[in-house]
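Open the model in your viewer and keep the selection tool at hand. This tour goes stop by stop.

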Amino acid sequence: MKKFIINIAIFLVPLLVVGELVARYNHVMSEIPRRFIDSHGIQKYIPNQKGYWQGGEHYWEINSMGWPGELPKDFNNLNVIIGDSFIENFMNPIECHQSNYLKKLMPKYNFMEASRSGVTFIESLEISKQTDTLSPIKTIIFTGPNDIIESIEEIKKINDATQYSINQNTIIKGKMKSPGLKKALYSMKAIYYLYNRFRFSIPKIKKNSKNNSKPSQNKYKKNLSKVKLLLDYVKLNYDIENKLFVFSPKTNQDIYMLFKDNAFNVMLLDNSKDDKWSFDHDPHWTCYGHEQVAKQLKTKLLEDSMIIN
Amino acid sequence: MLFNSLEFFIFLPIVFTLYWLIGNKRIQQQNLLITVSSYLFYGWWDWRFLFLILFSSIVDYTIGQKLKITKHPARRKLLLWVSICVNIGFLGFFKYFNFFVDSLIDSFTFFGSELKINTLNIILPVGISFYTFQTLSYTIDVYNKKLEPTKNFLAFMAFVSFFPQLVAGPIERATNLLPQFHKQREFVYSKSVDGLRQVLWGLFKKVVIADNCATYANMIFNNPEDYSGSTLLLGAFFFAFQIYGDFSGYSDIAIGISRLFGFNLKRNFAFPYFSRDIAEFWRRWHISLSTWFRDYLYIPLGGSKGGTKMKIRNTFIIFVVSGFWHGANWTFIVWGALNALYFLPLLLLNKNRVNTNLVAEGKYFPSLKEIFQMMTTFFITLIAWVFFRADNVTNAFMYLNDMFTLSLFSKPEILPFTILGLLSFFMAIEWFGRSGEFAIQKIDFMNKPIRWSFYILLIILMFSFTGEQQEFIYFQF
C-alpha cells in the first residue's frame, strides 16, 4: 500500500510537468489577469499585464491605469465607457473594443474604457467617481438588470462585489475572494484546466435549473421597490447629469422604465432585427456585435446632442 | 456521480484510503464502507433512488432466506416469482410503462378508435436495468440451489450496490461477486497497479474516443438530410466507436476500480470489433448481459437443443428481449431482431462456434481472409447501430436509404483527420494488446521509464483531445 501511494506520488511529478508544458503550449486555458484593490476600494487589474485568450489568436492587454484595452492618445474631448465583461471584451482582439469603434465613428473625440468582469451597477458608479477626475464630456455606463440587482446587498449578498446596503444606506466595498488560491490556480494551467473541465456536476445542474426565464422576471418585479431605493441613493450621491446608462437588448422592461421614470438618461440597445451579435456558445458580443453597438451609440449621442458630429 | 467528474476524483481516493487504512483486516468495516460510499455515489444523482435499491435489497435478501428454509417446490416457485415480479415490476414501471401506454394508444389509433390513457412523468432511476438483473441472478441461483443464500445482510447490500459497477455494469453474477464480500480482501500491489492501468485505459476510451466520436455522430445523426451517403456512413462509423469507447470504457473503469478494492469482476468486452462473424461478436460484446440472457432465458427456454423452429424462436426471443432491455423504443427491438437475423444462418448451419479462438493468434497481422471477415462483421454491426442510434425506426430507415445512394462514393463533407488519427492509434493499441484482458494489460514487458512515458502520453492525449463531457450512454439503460 505504501509503495503504491509513493509510486503514484512520484508519477504525478513528471505528469504535472509535462501536463503544464502541454497546457501552456496548446493554450488550453485563457490566462487570467491578476487583480488588486486600489486605495478607493475598487477592484482593478494590476497594470501592464498581457495574456492569451483561449480560442483566439489575440492577446488581451491591461493598460497602465489597470483597465483592459488601450488608453487614448490624449484626454481632451474625452468620453469614458464603463462596463462589465462585455466592455472588458477579452474574447475579441483589441481593435474590436468599443473605444476603437467609437473613435473611428467620431474621430474628434477620445474614448477611454474602464471595465472589469463582474462589476455591479453601483461599482460602475464608484468607478465613475474616479474617471470624473479626468473631466469627461460623457460617461457611458453599460449595465443590465442583473448588475442592478447584484448592487443591492439586501437582495443577495456578494462578498467580492461592491454593493449598496439599504439598511445602512451606504456602500459596502467588495473584497477579493481567496486571492492567493486563485493566483496559484491560475498560474498552474494544467490544474486550472482540469478544474474547469471536470467541475462538480451537481451544483452545475442545480444552477442550470434556476435559469429559466419566469422566476428571473419575477426576481426583478418583486425587487423593484429596492431598486427604487438604490436609484434614490444614486441620485443623491453621484453626478448623473453627464451619464448615459446603456441597457443590453431584451432587458427587463420594469427596471428599464424605472430608470427612465427617475430621470436617468437611458438607452436600450436593439438587436431585434439582427441576431448575430453574440458568439455561438457565449453571450458576449463578437466584433460585429460591438460594431453594431457603437453605431447605435453614436446615433443616440447625436440625437441627444451630447456630442457634435 | 460520473467517473469522469471532479467529485469522483475526490471521492475515489478518500474511499480507497479509508478502505485500506481503516477497514483493512476488518471485513465488516470494509463492507460497511463500500455500502455507505456506494449509497453516496448513487444518491449523488437523486437521493430518492436510494429507497428503490434498499427496497430491492431487502426483498431479495428476505426471499433468499425464505428459499433456504422452504422445501415445498410450489412455495419455492412462488417465492421466486415474487422476486421476479418485484424486480421486473420496478423495471417495467420505471422504464417501460409509458412505452406500453403509447404503443397501446398507437394500436387503437391504427384500428380507428381512440384510447385515452395518460402517460406518467416518471424519472428513470440510473442503472436500474443493471442492478435489477444482478439481484435477480441471486434469487434464481438460490432457487436453483447453485448458491447458498447469504446470512449477512450488510454483505448483500454491498453486493447489490457496489459502486464501481452499480450504474452500468458489468452485470455481476451473485455466484462470482457475493462470495468475495464474505472473504477478507488483502491489498495486492500488482493487482492494484493493474486495476489503475485499466482505469486509465477506460478513461482514455471514454474521454478521447467516445466523447470525440459523439460530437460528429450527433452532428450527422441530428441532420442526416444535410449529408451525402459517405458522410452518413462516417456518422454510423463514429457512433460505432462512440458506443464501444463509452460502454467498454465504463466497464474497464468499473473493473479497474474493483481491482483497487480487491475484487475481481467478470470481463465485459473482449475486442468485439476484431470479430470474424456475428456469433463471435456476441461472445465479445457486453458479455455479462449476453451470458445473463443465455443462462436465465435462452437455456430455460430450451436453448438450441430442440428442433429448427425452437432454435429460431429462442434466438429471436433472446435478441429481441436483449434489444428491449436497452430501452423502451422500437429502435432497440429492431436492432435486436436484426442481430437475430444476422446470427440465425450461422446457428442453423452450425457455424456459430467456428471462431472461438483469438484472431491471428500469435501473429502480428491478420490474413487477408481475416481482414475481410472482420470488415464484413464490422459493417453489418454498423448497419444495426443505425437503428440503435436513431430516434425512431422511420428515421433509421431514412438514414439507411440516404446512405445507400451514389453519394456513398463521394468525398464526405466531414472528414476530421485528428479524430480518425486518434481512432487509428486506439485500434492499433487494441490490436496489439488483444491477448490481454484489456489492451494495455501486458505492457509490463516495457521498462519503467517507457511504461510511464506511455501512461503520460495517454493522459496528455486525454488532456489535449478531450471531447465535450457526456454522460455514459448506458446510464440510460
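This is a predicted model: local features need pLDDT of at least 70, side-chain atom pairs count only at pLDDT 80 or more; totals for chains, interfaces and linings use all residues.

**Stop 1: where the chains meet**

Show chain A and chain B in separate colours. The contact between them takes 16 residues from chain A and 18 residues from chain B. Now select residues 2-26 of chain A, helix H1, and residues 201-209 of chain A, helix H8. These are the elements that give two or more residues to the side of chain A that touches chain B. H1(A) has the largest share of that side, with nine residues. What classes of residue make up the side of chain A that touches chain B? It has 10 nonpolar, three polar and three charged residues.

**Stop 2: the cores**

Select B:Phe159, B:Cys213 and B:Phe387. They have the most contacts inside the largest nonpolar core, a set of 117 residues. Which helix gives the most to this core? Helix H9(B) does, with 18 residues. Colour domain 1 (6-187) and domain 2 (190-276 + 355-476) of chain B: the core draws at least three residues from each.

Zoom in on B:Phe159. Setting aside neighbours within four places in sequence, B:Phe159 is in contact with B:Ala174, B:Leu177, B:Leu178 and B:Phe181.

Then move to a second, separate core, of 45 residues. Among its members are A:Ile62, A:Ile82, A:Phe86 and A:Leu102.

**Stop 3: two crossing helices**

Select residues 229-260 of chain B, helix H9, and residues 368-389 of chain B, helix H14. Their axes come within 9 Å and cross at roughly 80 degrees. Angles of 65 to 115 degrees count as roughly perpendicular, so H9(B) and H14(B) are roughly perpendicular to each other.

Show the side chains at the contact. H9(B) brings B:Ala236, B:Phe237, B:Phe239, B:Ala240 and B:Ile243. H14(B) brings B:Thr381, B:Leu382, B:Trp385, B:Val386 and B:Arg389. By class, eight of these contact residues are nonpolar, one is polar and one is charged.

**Stop 4: one residue on H14**

Stay on helix H14 of chain B and select B:Glu370. Is B:Glu370 buried or partly exposed? B:Glu370 has 16 other C-beta atoms within 10 Å, so it is partly exposed. Buried would take 20 or more, and exposed 12 or fewer.

Now display its partners. Leaving out neighbours within four places in sequence, B:Glu370 is in contact with B:Arg276, B:Val359 and B:Ala360. Draw a distance from B:Glu370 to B:Val359: their C-alpha atoms are separated by 7.5 Å, and the two residues are 11 residues apart along the chain.

Definitions and conventions. Residues are numbered from 1 along each chain as its sequence is written. Chains are lettered from A and ligands numbered from 1 in the order in which they are written. Axes are lines fitted to C-alpha atoms, for helices over the stretch in contact, and angles run from 0 to 180 degrees between N-to-C directions. Helices (H or I, at least four residues) and strands (E, at least two) are DSSP runs, numbered from the N terminus. Angles under 35 degrees count as roughly parallel, over 145 as roughly antiparallel, 65 to 115 as roughly perpendicular and the rest as oblique. Two residues are in contact if their C-beta atoms, placed from the backbone, lie within 7 Å. Ala, Val, Leu, Ile, Met, Phe, Trp, Tyr, Cys and Pro count as nonpolar, Asp, Glu, Lys and Arg as charged, and the others, Gly among them, as polar. A nonpolar core is a set of buried Ala, Val, Leu, Ile, Met, Phe, Trp, Tyr and Cys residues joined through C-beta atoms within 7 Å. Domain bounds come from an automatic or database domain assignment.
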